[in-house]
Amino acid sequence: MSNTAFDTLLIHGGIDGDRHTGAVTVPIYQTSTFRQDGLGELREGWEYSRTGNPTRAALEALIAQLEGGKAGFAFASGLAAITAVLSLFKSGEKILLSSNVYGGTFRLLDKVFNHFQIDYSLENTEDLAALEKAFTPEVKGIIIESPANPLLTITDIRAVAELAHKHGVLVIVDNTFMTPYLQKPLALGADIVVHSATKYLGGHSDLVAGLAVAGTDELAEQLAFIQNSTGGVLGPQDAFLLLRGIKTLGVRLDRHVENAKYLAEWLEGSLEVKKVYYPGLTSHEGFEVHQLQAKNGGAMISFELTEGHDVGRFFKALKLIALAESLGGVESLVCHPATMTHAAIPKETREKIGITDNLIRLSVGIEDKGNLLYDLNSAIEASRI
């Protein structure tokens, strides 16, 4: 299916249907183990569902094909996927992170992997000259988010990959905000791609899952061993739901992006909004780089209200848009990064990189854009002090 359009791959890629029964969707193989015909005689390779399950295998084959990688791996959450990837590194090694990385990734390195003497540092991955100085001999990996969460800063993935590979450093890209529909990190030089599949890939706020895709056979072999050994795998029920969600990724994201661009342009024109962060706006600092590596600006917007507004009142006044963790569902969600998604990052560090107490992050859903605009405008008016 090498010449097949991406929208068709979303529906027919990976393992299409069930060859045993002719079912057009992959069944839920709700089993922990598989009957063997004799010692060492496995039926089509299935043995135990931690090691491999047909429903999960269909999902893993699909995400590998969509990202253009060698193999995909499905985990119980996005952080479980990141944990598996971080398990590639050894004591004494160091990992560089995009400065406004997701708070959960920061917490994982700061509070868990530090016990294993794996070090990290937050770096401005937009500044290549400064970044190059960070590649000391102990650095063995770099984790990039582009656009980054929550300030939507843009990293030139190809340029950073070339720089990192010059130093023998593994490049890991969190592609949650863009998905393979809008951005292909492996084609830009990344070695591993990770997703919180809870978000756009699932798309309906009804599952928690993580995915990783290896760009080489060697990394695929290593991640397969880690996945089986540590066991944080995705169950067949959620794998089935995720397969179903991915089928509509293209049509959903087209509507998400249409709505987001509309709202971002309105917010930018509002006298009550101090700053808008959206890579689809020409005013965005990373607009030109983003245009070269992604299809469009995506559907995440962050913004700050001007002085004289109370963000607490803003959140209280929303009627349609829900104040909630997560993003990427069909419904619009809003959050306060400083106390929600990035609370694990120390306040001093947050403020230094721009995650202020006034910052609002909006995941734009697929509702009527006029209704969304009315809800935003009403809440901004209600937040005036």
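**Exercise 1.** Are α3 and α4 parallel or oblique to each other?

*Solution.* The model is predicted, with local features needing pLDDT of at least 70, side-chain atom pairs counting only at pLDDT 80 or more, and totals for chains, interfaces and linings using all residues. Residues are numbered from 1 along each chain as its sequence is written, and side-chain values use heavy atoms, without hydrogens and water.

Step 1. Helix α3 spans residues 78-86 and helix α4 residues 103-112; they pack at an angle of about 40°, with axes 11 Å apart.

Step 2. Angles under 35 degrees count as roughly parallel, over 145 as roughly antiparallel, 65 to 115 as roughly perpendicular and the rest as oblique. The helices α3 and α4 are therefore oblique to each other.

**Exercise 2.** State which residues make the contact of α3 with α4, and give their classes.

*Solution.* Step 1. On α3 the contact (heavy atoms within 4.5 Å) is made by L79, I82, T83 and L86, and on α4 by G104, T105, R107, L108 and L109.

Step 2. By class, this contact has five nonpolar, three polar and one charged residues; Ala, Val, Leu, Ile, Met, Phe, Trp, Tyr, Cys and Pro count as nonpolar, Asp, Glu, Lys and Arg as charged, and the others, Gly among them, as polar.

**Exercise 3.** Describe the lining of the largest pocket.

*Solution.* Step 1. The lining has 26 residues, of which L79, Y102, N149, S196 and K199 lie nearest the centre of the pocket.

Step 2. At least two lining residues come from each of α3, α4 and β6 (192-196).

Step 3. The lining divides into ten nonpolar, ten polar and six charged residues.

Note on methods
Axes fitted to C-alpha atoms, helices over the stretch in contact; angles between N-to-C directions. Helix = DSSP H or I, 4+ residues; strand = E, 2+ residues; numbered from the N terminus. 1 Å grid on protein atoms, 1.4 Å probe; cavity = no way out; pocket = protein on both sides within 12 Å on 5 of 7 lines; lining within 4 Å.
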